[in-house]
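Me: I have a protein model open and want to know what backs each label. Can we take them one at a time?

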Amino acid sequence: MVIPSKEFVDVDEERAQELLGNYVLEEPIVKELGEHTLTVENFLYNELGGLMYYTLEREGGGTALAGNEDTNLDKGANFTEEADFYFIIEIGEQIVGHENIYVDMQQSTAEKMYCYSYFLWSEEIDVQQKPYLFIRKYPCTKGEIDRMDAEEYSQICENVVEEKVTLTEQDAVPTKTLDLEEKGTLRISPFALAFDIPKMLGLSSLDIDPWNVKHVEIQYKNGESYVAEDKNENINNTGYVLGCDPYYKVAFNRLVDVENVKAVVINDIIIPVE
């Protein structure tokens, strides 16, 4: 098994403030989830997806979320069998933000995890609506629920508490949309991009397999480039990737200054952005 290389870069704090300062949370959101405390420190979103930065803390050691260097290279942290709650980002009528949870191992301790959720919407959304955190609190652990039969599960469901917590009142971060005529559209923002797989690659409208996308690269005006993904070279510098008919969406694992992007490269197709 070949593990794709993954690279993270430091954020230019000053430029990040210029690009995103008007869209970040004004103050953290704190929720008590049983013995754990969830604190959403920051949240950004747009029509493609977004980023949620949060901590999950429990005195004596966290038990609800499992994440380490290995999960950071794979599919992200996940809720454990010991968790007695669950949460996910949604918008509108339960449109899900599919995510990859990256754990900051340098800051995290046994009692407090520092997490970045890179998420992408499963469907097209109305950006005038506000994302929310959908929380489910269980009267027992996830592991106990998984071992229940249908009758036991039905009884437990009567005692499940559900809650929706609005994540932001800020506007959506703008997205730049390029009309490429027969190749569809390319949408790009500081933290994600999306395009129509069949139109972009000249394939049948039924051919929406994400594996047709081999290379995604951002080329900057100063000559530098950011290879977000290259399947042939086992490079994966993404926060998350989602294929949702017919779109291919990429969450970046770094801030992309769209104003300084010269071109986007999809496989061998060069798309000028200037």
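Predicted model: local features only at pLDDT ≥ 70, side-chain atom pairs only at ≥ 80, totals over all residues.

Me: Why does asparagine 267 count as partly exposed?

Reply: Its relative accessibility is 22%. Buried means under 20%, and exposed means over 50%. The value for asparagine 267 lies in between, so partly exposed is the label.

Me: Which label does glutamate 181 get, buried or exposed, and why?

Reply: Glutamate 181 has 65% relative accessibility. Exposed means over 50%, so glutamate 181 counts as exposed. This residue sits in the loop between β11 (176-179) and β12. Glutamate 181 also has a positive phi of about 55 degrees, although it is not a glycine.

Me: What is the peptide bond from aspartate 245 to proline 246 called, and what is its omega?

Reply: That bond is cis, with omega near -5 degrees. Most peptide bonds are trans. Proline 246 belongs to the loop between β17 (238-244) and β18 (247-252).

Me: What makes lysine 31 and glutamate 163 a salt bridge?

Reply: Their closest N and O atoms are 2.6 Å apart. The limit is 4 Å, so the pair qualifies. Lysine 31 is in strand β1 (residues 29-33) and glutamate 163 is in strand β10, 132 residues apart, so the pair links distant parts of the chain.

Me: Why is lysine 31 called buried, and what about glutamate 163?

Reply: Lysine 31 has 18% relative accessibility. That is under 20%, so lysine 31 is buried. Glutamate 163 has a relative accessible area of 24%, so the label is partly exposed.

Me: Where is valine 165, and why is it called buried?

Reply: Valine 165 lies in strand β10 (residues 161-166). Its relative accessible area is 12%, under the 20% cut-off, so valine 165 is buried. Valine 165 and lysine 31 are 134 residues apart in sequence, yet 9.2 Å apart in space, C-alpha to C-alpha.

Me: How do you know that glutamate 124 and arginine 187 form a salt bridge?

Reply: The N to O distance is 3.0 Å. Glutamate 124 sits in the loop between β8 (112-121) and β9 (132-137), while arginine 187 is in strand β12 (residues 185-189). Glutamate 124 is partly exposed at 42% relative accessibility. Arginine 187 is buried, at 5%.

Me: What makes arginine 136 and glutamate 162 a salt bridge?

Reply: Their side chains meet at 3.1 Å, N to O. The limit is 4 Å, so this pair also counts. Arginine 136 is in strand β9 and glutamate 162 in strand β10, 26 residues apart. At 21% relative accessibility, arginine 136 is partly exposed. Glutamate 162 is partly exposed too, at 48%.

Me: How many salt bridges does the whole structure have?

Reply: A search finds 12. Arg15, Glu18, Asp257 and Glu259 are linked in a network of them.

Me: How do you know that the radius of gyration agrees with a compact globule?

Reply: With 274 residues, a compact globule would have a radius near 19 Å. The protein has 20 Å, which agrees.

Notes. Residues numbered from 1 in each chain as written. Heavy atoms only, no water. Rg over C-alpha atoms; globule rule 2.2 N^0.38 Å. Helix = DSSP H or I, 4+ residues; strand = E, 2+ residues; numbered from the N terminus. Buried < 20%, exposed > 50% of the residue type's maximum accessible area, 1.4 Å probe, protein only.
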